[in-house]
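Today I opened the notebook to look up how the ligands are held. Have a look along with me.

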Amino acid sequence: MENVNWSDLSFGYMKTDYNVRCYFRDGKWGELEVSSSDIINIHMAATCLHYGQEAFEGLKAFRGKDGKTRVFRMDENAKRMQASSRGIMMAEFPVEKFEEAVRKVVKLNERFIPPYESGSSLYIRPLLIGIGAQVGVKPADEYLFLVFVTPVGPYFKGGFKPAPVCIMRDYDRAAPHGTGTIKVGGNYAASMVAGEKAHKGGYAAVLYLDPREKKYIDECGPANFFGIRGNNYITPASHSILPSITNKSLIQLAQDMGLTVERRPVPIEELATFDEAAECGTAAVIAPISRIDDLDENKSYVYSKDGKPGQVCERLYNKLRGIQYGDEPDVHNWVSIIE
Ligand code: PLP
Ligand code: COI
């Protein structure tokens, strides 16, 4: 395609050719439909608009050196979307249908998959919303699943470059037994005030503490957290964080590399003991953290002074990207080639 600078894309929306949709009506899912419009037409009393019956996912397709297109762990996103649906009483979209929709939308928008050399990728955004009209607070009887794609560059400016994050105890993105473990829009709405405040202060993201005691590390606004100490990969276990597919993959890769993985509550004091720290997620990939400023306690934890990522983060990053772009063997069967 002309006029697209593939290596200089931001993480934003670009209109592509097609999206794929599917409706749940009369108690069952219909056939996949292809649309070239980026507009949806829904009832003004739809439950997604009033009561937050909305869940989304995020995954990526990568163009390899061999020209092939690879999608990373889409079965995991399909299952997580089902978990989100159970959490807010929406109809569950079948895993096989989810995979079929992803294959279809990627194939139909092939000309928008950034070339290998660019380091960019095609972001895939599945969405599930309640479209049935209700005025009382109850689940809709009709749902719309849709999936669109858009070519993207790094989520955090500068890509794989350390950036600072901050801790602010006056804000939570999720409640102790709330919706933090599922991917619903309300969590992101709840994170916007703190997120904007952090951005204004020059931070890439907020690092949230556990909402009950504020004693343990939870996760960042759009990504999980991990720290590296010596040969250990340490990442929080919590009832209020999203089970990240990237983190799950990095845990496996860390073990493959001979690191010891610890997945457990991580007390805030432990931040002082890490050699490296990072955010991880589909959009963020691995975003190294240069410094964590605890704005309430007036304390800073510094992980990178020279503007370079730590060595372990770098090895994990290269391994993960290598598998996604097809440069490294896919020993765990994470990648689906789109024919
Ligand atoms: N945590 C939150 C709150 C997120 O929004 C995301 C992004 O999806 C992640 C973690 C990372 O999850 P994944 O690696 O599955 O993209
Ligand atoms: C992702 O990593 O896919 C996300 O959903 C993060 C953010 C854009 C919400």
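**Ground rules.** I am working with a predicted model, in which local features need pLDDT of at least 70 and side-chain atom pairs count only at pLDDT 80 or more, while totals for chains, interfaces and linings use all residues. Residues are numbered from 1 along each chain as its sequence is written, chains are lettered from A and ligands numbered from 1 in the order in which they are written, and side-chain values use heavy atoms, with hydrogens and water left out.

**Domains.** I looked up the domain assignment and found domain 1 (6-152) and domain 2 (163-324); such bounds come from an automatic or database assignment. Their C-alpha centres lie 26 Å apart. The contact (heavy atoms within 4.5 Å) takes 21 residues from domain 1 and 18 residues from domain 2.

**Ligand 1.** The side chain of Glu219 has an N or O atom 2.6 Å from a nitrogen atom of ligand 1. Thr246 places a polar side-chain atom 2.6 Å from an oxygen atom of the ligand, and for Thr282 I also read 2.6 Å from a polar side-chain atom to a ligand oxygen. The protein covers 96% of the 380 Å² of accessible area that ligand 1 has on its own (Shrake-Rupley method, 1.4 Å probe).

**Ligand 2.** I listed the residues around ligand 2, among them Phe11, Phe56, Arg125, Tyr155, Tyr188 and Pro222. The shell divides into 7 nonpolar, 2 polar and 2 charged residues, with Tyr counted as nonpolar and Gly as polar. Each of domain 1 (6-152) and domain 2 (163-324) gives at least three residues to this shell. An oxygen atom of ligand 2 is 2.6 Å from a side-chain N or O atom of Tyr123. For Lys183, the side-chain N or O atom is 2.8 Å from a ligand oxygen. Ala283 takes part through its backbone, with a polar atom 2.9 Å from an oxygen of ligand 2. The protein covers 90% of the 280 Å² of accessible area that ligand 2 has on its own.

Notes: A residue is near a molecule or strand if one of its heavy atoms lies within 4 Å of it. A polar contact is a pair of N or O atoms within 3.5 Å; within protein, one must be able to donate a hydrogen and the other to accept it, and residues adjacent in sequence count only if both atoms are side-chain atoms.
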